[in-house]
Amino acid sequence: MRPQSMLFTIYGEYVRHYGSEIWVGSLTALMGEFGLTEQAVRAAISRMLRQGWLESRKVGNRSYYSMSSRGKRRLDEAAARIYKQESDTWDGKWCIASYNIPEKERGIRDQLRKELAWLGFGMLTTSTWISPNDLTDKVRDIVESRGISGYVEIFKADHIAWSKSKQLVQKCWNIDEINAAYAEFIEVYRPSYEKLLAMIQQEDAMPDGYCFVEKSKLVHWYRKFLFIDPDFPEELLPDVWLGKEADQLFQNYYDLLHTGASRFFEQVYEPSPDALPLRNIEHA
């Protein structure tokens, strides 16, 4: 478990509901529940500061860390996809991002590819990426923030020939790999969910600390699907698709753990003296 990756999970699942700011002592205590040392946590915080994900401020002799505007946007996008609602009927349009970034700007080019993959684009050719979802505004924000609009074009277009839409999906995304990842998630978490559900039905209480750790691990694992599953419209899903089963399992298990996990977080969390009053964590 990488400390920086878990920090994203803690901020996304808990801290962002409390003004996105937390005292470093609370943060190291929470991360310690996963066996991470204070040194490892502080090193991860330093990296996130350098990368522009976090901002810091001093109140007295205490350090508080909050998500930057860039970090908040990333967490909001992740939450919208993790806790997604049923999508509308697909309009048959493809969002296309095409770029021609010179070799001297290779670092920016590589970063753009990572951003497109994060958004759920599939690579049609080396410099042409497609998505069945309308992501034009998000691509525009990325391109303009990096000052590379002269190298990038965005289209929303029909696919005329020659592959069928489902065949196009097979070309640009590794469907078997995504299905295998969902199968592994189901295999690991269904027994845990059924065991906890049986205990609750027998009125056996789960410790809040256990709920916090298990819920955080659950979200941490499920967040990985953001990097491989672009959230295909119903019309483009293959005949065998385990994403829906995995989604339902995630939501059910999440709901069982949520209340106890929230209580534990609130016990450890210490706001800054000038923070707004604490409010309950809401389901995203």
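Reader: What is the place of leucine 256, and how is such an element defined?

Author: Leucine 256 belongs to helix H10, residues 243-268. Helices (H or I, at least four residues) and strands (E, at least two) are DSSP runs, numbered from the N terminus. The model is a predicted one, in which local features need pLDDT of at least 70 and side-chain atom pairs count only at pLDDT 80 or more, while totals for chains, interfaces and linings use all residues. Residues are numbered from 1 along each chain as its sequence is written, and side-chain values use heavy atoms, with hydrogens and water left out.

Reader: Why is leucine 256 called partly exposed?

Author: Buried means under 20% relative accessible area, exposed means over 50%, and partly exposed lies in between (1.4 Å probe, protein chains only). Leucine 256 has a relative accessible area of 24%, and is therefore partly exposed.

Reader: Which residues are in contact with leucine 256, leaving aside its neighbours within four places in sequence?

Author: They are Tyr193, Leu196, Leu197 and Ile200, where contact means heavy atoms within 4.5 Å. As for methionine 206, it stands 50 residues from leucine 256 in sequence, with a C-alpha to C-alpha separation of 10.0 Å.

Reader: Why is the pair of aspartate 76 and arginine 16 called a salt bridge?

Author: A salt bridge is a side-chain nitrogen of Lys or Arg within 4 Å of a carboxyl oxygen of Asp or Glu. The closest N and O atoms of aspartate 76 and arginine 16 are 3.0 Å apart, so the pair forms a salt bridge. Aspartate 76 lies in helix H4 (residues 69-82) and arginine 16 in the loop between H1 and strand S1 (21-23), so the pair ties together parts 60 residues apart in sequence. Both partners are partly exposed, because aspartate 76 has a relative accessible area of 45% and arginine 16 one of 22%.

Reader: What does the salt bridge between glutamate 270 and arginine 62 tie together?

Author: The closest N and O atoms of glutamate 270 and arginine 62 are 2.9 Å apart. Glutamate 270 is in the segment after H10 and arginine 62 in strand S3 (residues 62-67), so this pair ties together parts 208 residues apart in sequence. Glutamate 270, at 33% relative accessibility, counts as partly exposed, as does arginine 62 at 28%.

Reader: Why are cysteine 172 and cysteine 211 called buried?

Author: Cysteine 172 has a relative accessible area of 11%, and is therefore buried. Cysteine 211, at 5%, likewise counts as buried.
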